[in-house]
Amino acid sequence: MKYLFKLLPVMCAVVLMGCEQQLPVPPNSAKPRTVVYSELIAGSQAEVRVGKSKPVAPGVDNQFDLVENATVQLMDKNGQILETLSYVRDPSNAMSVYKGKLILESAKNYKVQVLVPEMKPVTAMASIPPPFKVELTDTLRTLLNGRPVLRFHFDISPLPGVRQYLVMEALKQSVSLDTFFTYHGVRYHKAEHSDLYDQVKNDPSVTISKDSIFLNDYLRIPCYTQDENADNNQIGGLNENYNSILFTQMGRPLSTNFYINATALISSPAEAIAPVGRVLVYVKSVSKEYYDFLLTYEKVKRNPGLNSLIQAIQLRSNTTGGLGVVGGCYEKVYYLYYDTL
């Protein structure tokens, strides 16, 4: 998965007699729990992130403990093991990553089981939705409430007799520009063979080329909607920015405009707002449990529960024995190139 939703510990500020008081965090006897996050995407290999939660206490950060010795299994809906995922070291991730080799299928149910030594087993079911038809009919650079935006118009066809949970979002993926050179018929990576490169770079027979390597590093782009049918209207209205724009559809087509903040399209070294890279726009059909998680995450963003007069919102979860979510997803991705690579 491209990006990780962070589950932040929530504490309440206490307001008493009109004055603010700082109260010490009371002793916490809570035990760590296994945290599992996965987006099972049709046409891709399974990728599951695993971590351990921490009790809230003074001096304790809100990052998960890594888990490098878990047994992570992908099963069919009946519990038959399809494969055991392998641990992949990834320093850029806030959780430990386990990857499979099996290509996931649409319109299919999967079960994920995570076994961590001395912890409760964690299981979750996820249904990958069937394929759906989406058309991008128009794009336009414009202004929305004074903000520079890029507008997309999508037409999405309904699936007969199926309730669709639709998600639209955008990311900026960083790119690394690497130099390669070919000497005596052998291709070398300049960074790994810099001494040889310095020796032969002026040789007329040497061919030098540059390749763009896209990294596992993403910036989430704020997005907007003006559609009153979007479920985001349950949260904050039409004039706010969101991580995702969310729709629930049943047996009817959806024709809507989706807006993303245009300041992230082109990298500006002077402002350092966004990295050099490419823009990915996603239109997804997801499982209900995953949709509920994303919707409550948008609510948590706006109301983290730090006001004692407001009840904290709990993120939805579909895991048994632990925390987190395993979602099913069928997605369409649009790649946009604005930076010079």
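User: What is the place of L341?
Analyst: Start with the strands. Strands (E, at least two residues) and helices (H or I, at least four) are DSSP runs, numbered from the N terminus. β21 covers 323–336, and L341 is placed in the segment after β21.

User: What kind of model is this?
Analyst: Residues are numbered from 1 along each chain as its sequence is written, and side-chain values use heavy atoms, with hydrogens and water left out. Local features need pLDDT of at least 70, side-chain atom pairs count only at pLDDT 80 or more, and totals for chains, interfaces and linings use all residues: this is a predicted model.

User: Is L341 buried, exposed or partly exposed?
Analyst: Buried means under 20% relative accessible area, exposed over 50%, partly exposed in between (1.4 Å probe, protein chains only). L341 has a relative accessible area of 36%. That value makes L341 partly exposed.

User: How many strands does the protein have?
Analyst: The protein has 341 residues, and 42% of them are buried. Its DSSP elements include two helices. The strands number 21.

User: How many disulfides does a search of the whole structure find?
Analyst: A disulfide is a pair of cysteine sulfur atoms within 2.5 Å. C223 is buried at 0% relative accessible area, and C329 is also buried at 0%. Over the whole structure, the number of disulfides found is zero.

User: Which residues form the uncovered face of β11?
Analyst: In a regular strand, side chains alternate between the two faces of the sheet. β11 spans residues 122–128, and its covered face holds V122, A124, A126 and I128. The uncovered face holds T123, M125 and S127.

User: Which residue in β11 is the bridge partner of V114?
Analyst: β10 (residues 108–115) pairs with β11 in the antiparallel sense over seven bridges. Six residues lie between the strands of this hairpin, where E118 takes a positive phi near 65°. V114 has as its partner in β11 V122.

User: Which residues are in contact with Q113, leaving aside its neighbours within four places in sequence?
Analyst: Q113 is in strand β10. At 17% relative accessibility, Q113 counts as buried. Contact means heavy atoms within 4.5 Å. The contacts of Q113 are T71, V72, Q73, M75, V122 and T123.

User: What is the phi of N145?
Analyst: N145 lies in the loop between β12 and β13. It is partly exposed, at 48% relative accessibility. N145 is not a glycine, yet its phi is positive, at about 55°.

User: Is H184 buried or exposed?
Analyst: H184 is in the loop between β14 (163–183) and β15 (186–189). Its phi is positive, near 55°, in a residue other than glycine. With a relative accessible area of 64%, H184 is exposed.

User: How many salt bridges are there?
Analyst: A salt bridge is a side-chain nitrogen of Lys or Arg within 4 Å of a carboxyl oxygen of Asp or Glu. One of them joins E47 and K99 at 3.9 Å, N to O. That pair links strand β4 (residues 45–52) to strand β9 (residues 96–103), with E47 and K99 52 residues apart. The count of salt bridges is 14.

User: Which residues are linked with E169 in a network of salt bridges?
Analyst: R220 and E169 meet in a salt bridge of 3.4 Å, N to O. R220 lies in strand β16 (residues 207–220) and E169 in strand β14, so the pair ties together parts 51 residues apart in sequence. E169 counts as buried, at 0% relative accessibility. Linked with E169 in the network are E39, R220 and K284.

Note on methods:
Two strands pair if DSSP finds at least two bridges between them.
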